Amino acid sequence: MPDVIDSPASLVFRGHPGQWIAHSLFGLILACVPIGLPLTWLVRAMARLAAKSRLATIARIGVRTTSVDNARSWRVEAWSVWVGAVSHVGFDLFTHEHSKLLWPWLDEDPAWFGAAWTSTWFRVLPPGYAD
């Protein structure tokens, strides 16, 4: 979810794609959950439609349907979106050099794992990319 939010938002407001508000503690609650819930419901609705199709009947795909009206269901969905976003940001802490975890309080977070962790050991460029 953080990448789904930050890619277009960062491109529009900062002029380049990258980590921004949704990769922060602030954005996990204020951006990821409110945007992630409708996207989750949209994906579930599309899955229900696919389950009703002939292809799904042949493949016998089972899709769990959840009532959006159920208050417990809302909490479970919100918790699931938040846990997914937190695990994404946690993984990004040690796989990306610059973190935005403490944004807006700090523009650039400290190096959480030290310089040795983020130093370049070797470089492999995809074909067509300039060095």
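Let's start with Q19 and D92: their side chains make a polar contact at 3.3 Å, meaning a pair of N or O atoms within 3.5 Å, where one must be able to donate a hydrogen and the other to accept it. Please keep in mind that this is a predicted model, where local features need pLDDT of at least 70, side-chain atom pairs count only at pLDDT 80 or more, and totals for chains, interfaces and linings use all residues. Residues are numbered from 1 along each chain as its sequence is written, and side-chain values use heavy atoms, with hydrogens and water left out.

Where does Q19 lie? Q19 sits in the loop between α1 and α2, helices here being DSSP runs of H or I with at least four residues, numbered from the N terminus. Q19 counts as buried because its relative accessibility is 14%, and buried means under 20% relative accessible area with a 1.4 Å probe, protein chains only. Leaving aside neighbours within four places in sequence, Q19 is in contact (heavy atoms within 4.5 Å) with residues including D6, R14, H96 and K100.

D6 takes us to α1, residues 2–14, where P2, I5, D6, A9 and S10 are buried. Seen down the axis of α1, these buried residues fall within an arc of 105 degrees, so they line one face of the helix; the arc is taken from the directions from the helix axis to the C-beta atoms. After α1 comes G15, with a positive phi near 90 degrees.

Last stop, L101. Not counting residues up to four places away in sequence, L101 touches H23, S24, L25, V89, L93, D109 and W112.

Thanks, everyone!

Technical notes. Buried means under 20% relative accessible area, exposed over 50%, partly exposed in between (1.4 Å probe, protein chains only). Helices (H or I, at least four residues) and strands (E, at least two) are DSSP runs, numbered from the N terminus.
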